Amino acid sequence: MAAPIRIVPLHPGPAAAAPVAAAQLTYRGGPLLPTVAVVTAFWGDAWLAGEAPLVARINDFFNYILNSELIDQLSEYSVPGVDIGHGSLAATAVITDQKPGASVSDAEIQVLIRSQITGGALPATTPSSLYFIYLPPGVDVDLGGQLSCSNFCGYHDAIDGTVFYAVMPYPGCSGCVGGLHVLDALTSTSSHELCEAITDPVPGTGWYDDSNGEIGDICAWRSKKAGQWTVQLEWSNRNRGCI
């Protein structure tokens, strides 16, 4: 069986593909995050220096978006006994005791998450926790031999099926900026992974489409405004389209 689709692809350029009309997410019985508790973790000294303003802005984004209409539209993916609703920004941290190299692997990111939880820098895992790891400029992420800015702009996954996380490389290339400002590119990519992690936290076991992937994959790089924030459209089974 092919690995589940779980990345934000590179921007396709002016000829962006239309959403797949035949898409239909089906529920596979796995966990969902009905009241997601986001933890933002900014890895590296750059987040205390030149990129410090982005830390506050990204946290402002989550404080708004987790109680917004974007989350409201996910309610159609509730299942008996699990009602998807608003979430919260549970904690934030800048991680400087470990330094990222010029390239970091997914395995190294998993070790980082585990060690920062054990050391108390990140809060202990709950069934609702979702750790967002933001990488500084100039750091590539290696996901099974595929590199950020060459093959993808973000992804989410689960450690042992219980620790849910998303990885946000810095959008330092045209394929991951997509003609947007850096902040807008980050909020768009973050919203893509947020909605996917809520509805399919263990990729391929929640709401998923075998041909088209997760809720955000079908609508990649199609955006709208939620309040002042740029977010990605997400697939709606009910509306048979990206909304």
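This is a predicted model: local features need pLDDT of at least 70, side-chain atom pairs count only at pLDDT 80 or more; totals for chains, interfaces and linings use all residues.

A: The crossing of α1 and α5 is right-handed, a crossing being right-handed if the near helix is turned clockwise from the far one by less than a right angle, and left-handed if anticlockwise. Residues are numbered from 1 along each chain as its sequence is written, and side-chain values use heavy atoms, with hydrogens and water left out.

Two packed helices are described by the angle between their axes and the distance between the axes. Helix α1, residues 52-65, packs against α5 at an angle of about 40°, and the two axes are 11 Å apart; this makes α1 oblique to α5. Axes here are lines fitted to C-alpha atoms, for helices over the stretch in contact, with angles running from 0 to 180 degrees between N-to-C directions. Angles under 35 degrees count as roughly parallel, over 145 as roughly antiparallel, 65 to 115 as roughly perpendicular and the rest as oblique. Helices (H or I, at least four residues) and strands (E, at least two) are DSSP runs, numbered from the N terminus.

On the α1 side, Leu 54, Arg 57, Ile 58, Phe 61, Phe 62 and Ile 65 meet Val 182, Leu 183, Leu 186, Thr 187, Ser 190, Ser 191 and Leu 194 of α5, where contact means heavy atoms within 4.5 Å. Sorted by class, this contact has 9 nonpolar, 3 polar and 1 charged residues, with Ala, Val, Leu, Ile, Met, Phe, Trp, Tyr, Cys and Pro counted as nonpolar, Asp, Glu, Lys and Arg as charged, and the others, Gly among them, as polar.

Helix α5 covers residues 182-199, and its 18 residues should span 26 Å at 1.5 Å a residue, which agrees with the 26 Å between its end C-alpha atoms; the expected span is 1.5 Å times one less than the number of residues. Of the 18 residues in α5, 17 are buried, so that the helix is mostly covered, buried meaning under 20% relative accessible area, exposed over 50% and partly exposed in between, with a 1.4 Å probe and protein chains only.

Within α1 lies Asn 63, which is partly exposed at a relative accessible area of 44%. Asn 63 and Gly 87 are 24 residues apart in sequence, and their C-alpha atoms are 8.9 Å apart in space.

Ile 65 of α1, already named in the helix contact, also touches Ala 226, whose contacts beyond its neighbours within four places in sequence are Tyr 64, Ile 65, Glu 69 and Val 231. Ala 226 is found in strand β12, residues 223-226, and is buried, with a relative accessible area of 1%. Its C-alpha atom is separated by 31 Å from that of Gly 161, 65 residues apart along the chain.

Trp 235, in strand β14, is buried with a relative accessible area of 2%, and its C-alpha atom is separated by 6.4 Å from that of Gly 216, 19 residues apart along the chain.

The loops remain. Most residues other than glycine have a negative phi. Asp 160, in the loop between β9 (154-159) and β10 (163-168), has a positive phi near 55° and is exposed at 66% relative accessible area. Arg 240, in the loop between β14 (235-236) and β15 (241-242), has a positive phi of about 55° and is partly exposed, with a relative accessible area of 41%. Lys 99 is placed in the loop between β4 (88-95) and β5 (103-105) and counts as exposed at 53% relative accessibility. Not counting residues up to four places away in sequence, Lys 99 touches Trp 43 and Asp 45.
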